[in-house]
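Dear colleague,

Please find the structure below, handed over for your reference. My notes on it follow.

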Amino acid sequence: MDKVAPPEKLNTLFTSVFTEGQLIKMTLSDRRLKSIPYTKVTFRPVKLAAGLRFQAEYVYEKKVTHENLNDEEAILRAMALMTEDFKQANIFLSDREIQVLAAKSDRPRIVEKAAVKKDLPVLSHNQAKKYIIPDGSPCDFLIRLGVMDENGKVFQRHYGKFRQINRYLEIVEDVYPALTASPQKDRPLRIIDFGCGKAYLTFAIYYYLKILKQRDVEIIGLDLKEDVIQFCNQVAKDLGYGQLQFLMGDIADYTSDHADMVVTLHACDTATDYALINAVAWNTKVILSVPCCQHELFRQIQNDLHQPMLKYGILKDRLTEYLTDGLRGLKLEACGYDVAMIEFTSLEHTARNIMIKAVKANPSFEATNTETAADRRSQSAAARASAKKADRAQEQYEALRDFYHVNPTIDKLK
């Protein structure tokens, strides 16, 4: 079936938008069909080594992707998106604002008005990023661990580690409201970091919560290497981090009565599963896990349909990695968590960069004197919706597990 030809006035508009040098931002929204995977697309001008480009940012439910286009490509892409995927465009230029309403793609309505702020486009693709711990500002644990000098200047050789630490803190900041919602009375927030290693990120979360947020915390780092534990405890002592301690032990054997947040950033193979199992048992509010070395299902997976692909070891390895983490995510959803798979900076010893971010959904509400009947109805409805979502996730988990004939350790999570 032939598609309706794009209206000429839209083509003229987008041509001027991407060629006159006045574009600040253009956002396409209001999907024509719910099946369209991205909810909006934003175009911004960026200056790259190759010259001026337009970065298209696609926003999905649980991820964001980007591509850089020249002016001709941007015009064509915007036209296709506007006529096929979206009904509305909001265009911000340095001298005016334009709104396009196109419920019918062949008859768009274009409305212009003067710009509220006459800003010029920001073209630099490498603007100075506002880090939670900024470069140039002395930070005690980063100085002690050799990432920055006494004046706060980050050593060039450690800049990757510096960015990783700040990326981690951005994720912690994102889950901070859930972490601190309805805190238990008369006790500090407890965070347990399984397989903490040299503990750059363990020190970072202590610094963020205790020093920047002024929260009462109790943070425990756990690792199997005695020399690492001794070193980290000495650093914590030197810095006066009195509520941070490091213990030697195995994840599977560690016991506790509660934890508000569980972190496991490089636990190998089934060690990740035991960390998740413990976290759920403690009714942990937030779980951040970057698994690696997912070997367990490689030895188990059987599937007649996929056998022609599974005979190639490298493809089998990658498939079982994704299957392992997919099953973990579904199992956490079945236990009442909102789960997202997000990108995280790779660790030194592994290229794995997928983080499982799980936040407890609909935490229990404490009754108050001001609670109304409407509040109780709302809470009850939220609880029913959460239970329905958990049941569906368990069904999907079992179907996926049985389809590949695997018995993952995460299945112990009930």
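In which sense do S13 and strand S14 pair, and over how many bridges? S13 and S14 (residues 354-360) pair in the antiparallel sense, over seven bridges; strands are DSSP runs of E of at least two residues, helices runs of H or I of at least four, both numbered from the N terminus, and two strands pair if DSSP finds at least two bridges between them. Within this pair, Asp338 stands opposite Val359 in S14.

This is a predicted model, in which local features need pLDDT of at least 70 and side-chain atom pairs count only at pLDDT 80 or more, while totals for chains, interfaces and linings use all residues. Residues are numbered from 1 along each chain as its sequence is written, and side-chain values use heavy atoms, with hydrogens and water left out.

The sheet is open and has seven strands with mixed pairing, in the order S10-S9-S8-S11-S12-S14-S13. Strands S10 (244-248) and S13 (337-343) stand at its edges with a single partner strand each, so one side of each is left without a neighbour in the sheet.

Gln294 belongs to the loop between strand S12 (286-289) and helix H8 (307-310). Gln294 is buried (under 20% relative accessible area, with a 1.4 Å probe and protein chains only), its own value being 3%.

Helix H4 (residues 159-180) has 22 residues and spans 30 Å from its first C-alpha to its last, close to the 32 Å expected (1.5 Å times one less than its number of residues).

Conventions
Buried means under 20% relative accessible area, exposed over 50%, partly exposed in between (1.4 Å probe, protein chains only).
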